[in-house]
Amino acid sequence: MKDFNFYAPTQVAFGKSSEERLPELIRQYGGTKVLVHYGGQSARKSGLLQKVFDLLNAAHLPYIEMGGVVPNPLLSMVYQGIELCRREKVDFILAVGGGSVIDSSKAIALGVPYEGDVWDFWEGKAQPACCLPVGTILTIPAAGSEMSNSCVVTKDEGLIKRGIGNNLIRCKFAIMNPERTFTLPPYQTAAGVTDIMMHTMERYFCGHWDMTLTDAIAEALLRTVKEAVFEVLKNPEDYRYRAQIMWAGSLAHNDLTECGLEKDFATHRLEHELSALFGVTHGAGLAAMWGSWARYVMKNNVPRFVQFAVNVMGVQNDFTNPEQTALKGIEAMERFYRAIGMPTSIPELVGRAVTDEEIAMMVQKASRGGTVKLGAIQVLDTEDMAAIYRMAQA
């Protein structure tokens with residue numbers, strides 16, 4: 001197993017009355033003037049945004065608001081937020097929403113104290129030295145950004161989607177009330193679950209596999225979410241199962257399921273180019289790519305795929321043919337995706353096959369012009385990336 005350093009400093013307030021703690025938590029982490037950052041109209045229509053404003057007003061905490069975050073959050077809005085926070089002397093950012101809103105908030109928080117272009121951090125030209133504190137009221141369990149050190153932003157010009165990881169941008173607190181997820185549409189629920197599971201699977205499928213406890217945690221998380229999603233698709237207001245999904249989203253991406261193991265994240269990196277180019281839902285894109293990636297790299301660690309097939313997907317182990325068992329696990333995962341309404345190929349995802357030129361463009365971006373390779377269980381060069389994109393056409 002690998003040596004590891006586990007760091008998860010985000011304070012979690014979980015439950016039906018957790019929002020009531022908002023003013024107390026903002027003050028605990030030094031906030032005196034707040035930017036309330038959110039997406040479209042759902043937070044307003046649900047009444048959550050007004051509740052936030054009422055809580056801040058009652059606590060005499062001044063705030064300004066900025067909505068309009070879109071899925072795959074844009075750098076142009078980050079620039080607007082930085083300018084607004086500087087002008088209004090904001091010292092705390094509150095994200096009300098899901099991963100896109102949280103990532104936009106993190107990027108703004110990095111940019112306010114930085115004298116250069118905040119995109120420098122995503123270009124690798126600079127490393128953050130400080131950051132405004134960020135807190136969140138989570139409404140969409142999926143990205144895990146509420147407890148992760150990651151932030152993914154899309155540069156409008158050229159549709160370049162990139163992520164960074166830095167402990168400075170971890171949220172100071174995350175308020176999680178599962179009731180706030182009751183109104184999520186089925187497709188968004190399923191896409192979120194796919195993203196949650198993939199965050200753990202990107203760590204589970206690696207070259208290190210002798211950390212038994214971490215494996216057991218990962219497998220339990222995956223099985224629990226698999227069960228819970230069918231329950232909430234039948235009954236969207238099932239608090240118990242909504243709570244399982246919400247908590248799993250945080251645990252899947254706060255590095256707990258990585259302890260002693262190794263990140264791969266090739267599927268994520270390949271999908272980023274799909275969602276940047278075609279504007280598709282990230283979780284759905286992951287489902288469309290994973291089966292092709294899995295078949296392509298499986299030979300590098302067949303026992304790992306067998307363990308997944310048996311312990312997570314419930315496949316009967318054929319001890320005489322491990323590769324057949326491994327393939328049955330991949331097929332079972334794809335059946336699960338289809339059962340919850342997720343695509344398992346690129347044409348299902350975008351409505352058509354992608355062209356050779358589009359594949360070449362995605363490979364160019366994913367590899368940063370051929371200078372970066374992806375993955376860990378198998379290190380992928382540009383030819384490998386193109387081959388996986390082509391496999392995902394079927």
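**Close-up views of a predicted model**

**View 1. Helix H11 and its covering.** Helix H11 is mostly covered, with 15 of its 16 residues buried, that is, under 20% relative accessible area, where exposed means over 50% and partly exposed lies in between (1.4 Å probe, protein chains only). This is a predicted model, in which local features need pLDDT of at least 70 and side-chain atom pairs count only at pLDDT 80 or more, while totals for chains, interfaces and linings use all residues. Residues are numbered from 1 along each chain as its sequence is written, and side-chain values use heavy atoms, with hydrogens and water left out. H11 comprises residues 282–297 and reaches 22 Å from its first C-alpha to its last, close to the 22 Å expected at 1.5 Å a residue, the expected span being 1.5 Å times one less than the number of residues. Helices (H or I, at least four residues) and strands (E, at least two) are DSSP runs, numbered from the N terminus. At methionine 289, H11 bends by about 35°, an angle taken between axes fitted to the seven residues ending there and the seven starting there.

**View 2. Serine 292 within H11.** Serine 292 lies in helix H11 and is buried, with a relative accessible area of 8%. Leaving aside its neighbours within four places in sequence, serine 292 is in contact (heavy atoms within 4.5 Å) with Ile388, Met391 and Ala392.

**View 3. The packing of H11 against H13.** The axes of H11 and helix H13 (residues 322–339) come within 10 Å and cross at roughly 175°; the axes are lines fitted to C-alpha atoms, for helices over the stretch in contact, and angles run from 0 to 180 degrees between N-to-C directions. H11 and H13 are therefore roughly antiparallel to each other, a label given to angles over 145 degrees, whereas those under 35 count as roughly parallel, 65 to 115 as roughly perpendicular and the rest as oblique. On the H11 side, Ala287, Trp290, Gly291, Ala294 and Arg295 meet Leu327, Ile330, Glu331, Met333, Glu334 and Tyr337 of H13. By class, this contact has seven nonpolar, one polar and three charged residues, where Ala, Val, Leu, Ile, Met, Phe, Trp, Tyr, Cys and Pro count as nonpolar, Asp, Glu, Lys and Arg as charged, and the others, Gly among them, as polar.

**View 4. Helix H9 and its surroundings.** Helix H9 (residues 239–252) has 14 residues and reaches 20 Å from its first C-alpha to its last, close to the 20 Å expected at 1.5 Å a residue. Ten of the 14 residues of H9 are buried, so the helix is largely enclosed by the rest of the structure. The buried residues, including Tyr241, Arg242, Ile245 and Met246, pack against strands E1 (11–14), E5 (134–138) and E8 (173–176), helix H7 (186–204) and H8.

**View 5. Valine 118 in a loop.** Valine 118 lies in the loop between helix H5 (99–111) and helix H6 (120–123), and at 1% relative accessibility it counts as buried. Not counting residues up to four places away in sequence, valine 118 touches Leu75, Val78, Tyr79, Ile82, Ala107, Leu110 and Gly111. Of these, alanine 107 is eleven residues from valine 118 in sequence and 7.5 Å from it in space, C-alpha to C-alpha.

**View 6. Two loop residues with positive phi.** Histidine 60, in the loop between helix H3 (48–58) and strand E3 (63–66), has phi near 55°, a positive value in a residue other than glycine, and at 68% relative accessibility it counts as exposed. Lysine 89, in the loop between helix H4 (75–88) and strand E4 (92–97), has phi near 55° and is exposed, with a relative accessible area of 67%.
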